[in-house]
Amino acid sequence: MRISAAVSREGLPHPRIEELDLEEPRADEVLVRISATGICHTDIYCHSGHGVAIPRPIVLGHEGAGVVEAVGLGVSGLEAGDHVVLSGASCGVCPSCRAARPNYCRDVMKLSFGGMRIDGSSPLSQHGGRIAGAFFAQSSFATHVVVPERSAVKVPIEAPLHLLGPLACGLITGAGSVMEAFRMRPGRSIVVFGAGSVGLAAVMAARIAGASRIVAVDLDGARLKLARSLGATDVLASNGETGAALREIEPYGFDFSFNTTTAPAVFTLAAECLANEGTAGFVTRPQGDWSVNMPALLSGGRKLQGILGGSAAPQLFIPLLIDYWLQGRFPFDRLIAEFPFHDIGRAWAECTAGNVLKPVLRM
């Protein structure tokens with residue numbers, strides 16, 4: 001079928017909308033009409049060439065939400081008309097996948113950034129030439145996608161589909177890190193570095209989990225104000241005095257730190273602010289040279305923890321986050337700025353400049 005998709009090509013300032021051909025769903029795949037999709041900084045980094053190497057041309061996008069229009073052979077859990085959020089890529093058969101931990105699938109990096117199905121094929125083409133169309137198993141900067149059934153999470157029809165896409169990456173990463181990776185319990189403390197959509201999702205999840213002290217750190221005063229309204233007990237400007245301010249709040253350190261930034265100095269601070277046996281979680285890598293103070297980690301039993309996708313099982317955790325939203329406890333809609341699909345250039349620029357927290361393209 002003929003679709004419209006935003007194609008990432010070398011030299012373009014942002015993906016450009018073009019007409020492509022989309023295959024019919026194969027066995028165990030579903031055809032989804034995209035209602036809306038979020039733009040993530042991973043998309044921006046990959047398009048710019050600063051992220052993980054990707055093939056070109058490619059359709060990016062990995063926070064899609066839409067309606068199932070057709071199913072392939074063997075699909076038993078979905079049918080036409082179902083509302084779905086599209087999660088990430090996984091093989092479905094390795095030990096991590098079988099343990100409902102698809103973020104740590106053996107092939108997760110290849111299937112996420114390789115742009116192809118596991119057999120090396122792509123559902124997208126243009127004039128007979130292949131276009132990489134399985135970025136994170138979805139390539140959702142498009143009006144329609146073909147995805148594996150296991151990547152499509154059925155969601156309640158009463159939930160606003162046009163808002164749900166970011167639950168698949170940014171929001172599940174922040175909230176899942178707190179609730180699944182850290183297993184936050186009432187009375188524990190956490191400092192969140194970076195009050196973007198991932199960090200603010202962590203703040204909201206920490207409040208739900210009953211954390212007694214939730215500190216948000218950022219450069220932007222408006223974002224800190226929002227963090228306070230979403231559940232942060234304290235907010236701090238990121239500067240040379242941040243470490244001292246954190247010690248005033250928790251003299252013996254925090255149970256957890258959660259770093260969403262790429263600044264080497266913040267990686268250092270995220271480890272230094274920990275209490276004994278505290279955990280420093282991070283969801284991206286430092287941009288620049290960085291080394292950890294191993295004696296400090298050893299002497300205090302402190303830990304560094306890399307986290308992908310919040311260590312959460314999307315099929316279980318995305319519906320849980322929707323339940324929290326319906327209860328008014330996870331108001332992620334306050335983070336979203338909507339743009340029409342044809343205005344992807346403006347949405348891209350606003351996201352790159354940091355003027356919006358979570359841009360969502362509406363089809």
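**A close look at Phe-332**

Modeller: Setting aside neighbours within four places in sequence, Phe-332 is in contact (heavy atoms within 4.5 Å) with Leu-163, Leu-164, Leu-167, Leu-171, Met-204 and Trp-325. Please keep in mind that this is a predicted model, where local features need pLDDT of at least 70, side-chain atom pairs count only at pLDDT 80 or more, and totals for chains, interfaces and linings use all residues. Residues are numbered from 1 along each chain as its sequence is written, and side-chain values use heavy atoms, with hydrogens and water left out.

Phe-332 belongs to the largest nonpolar core, which has 56 residues. Such a core is a set of buried Ala, Val, Leu, Ile, Met, Phe, Trp, Tyr and Cys residues joined through side-chain atoms within 4.5 Å; buried means under 20% relative accessible area, with a 1.4 Å probe and protein chains only. Along with Phe-332, the residues with the most contacts inside this core are Leu-164, Leu-167, Ile-190 and Phe-330. Helix α6 (residues 197-209) gives the largest share, 10 residues. Helices here are DSSP runs of H or I, at least four residues, numbered from the N terminus. A second, separate core has 43 residues, including Leu-22, Ile-44, Ile-131 and Phe-136.

The axes of α5 (residues 170-181) and α11 (residues 314-326), lines fitted to C-alpha atoms over the stretch in contact, with angles from 0 to 180 degrees between N-to-C directions, come within 11 Å and cross at roughly 95 degrees. That makes α5 roughly perpendicular to α11, a term for angles of 65 to 115 degrees. On the α5 side, the contact is made by Leu-171, Ile-172, Ala-175, Gly-176, Met-179 and Glu-180; α11 brings Pro-314, Phe-317, Ile-318, Leu-321 and Tyr-324.

How values were computed. Buried means under 20% relative accessible area, exposed over 50%, partly exposed in between (1.4 Å probe, protein chains only). Helices (H or I, at least four residues) and strands (E, at least two) are DSSP runs, numbered from the N terminus. Angles under 35 degrees count as roughly parallel, over 145 as roughly antiparallel, 65 to 115 as roughly perpendicular and the rest as oblique.
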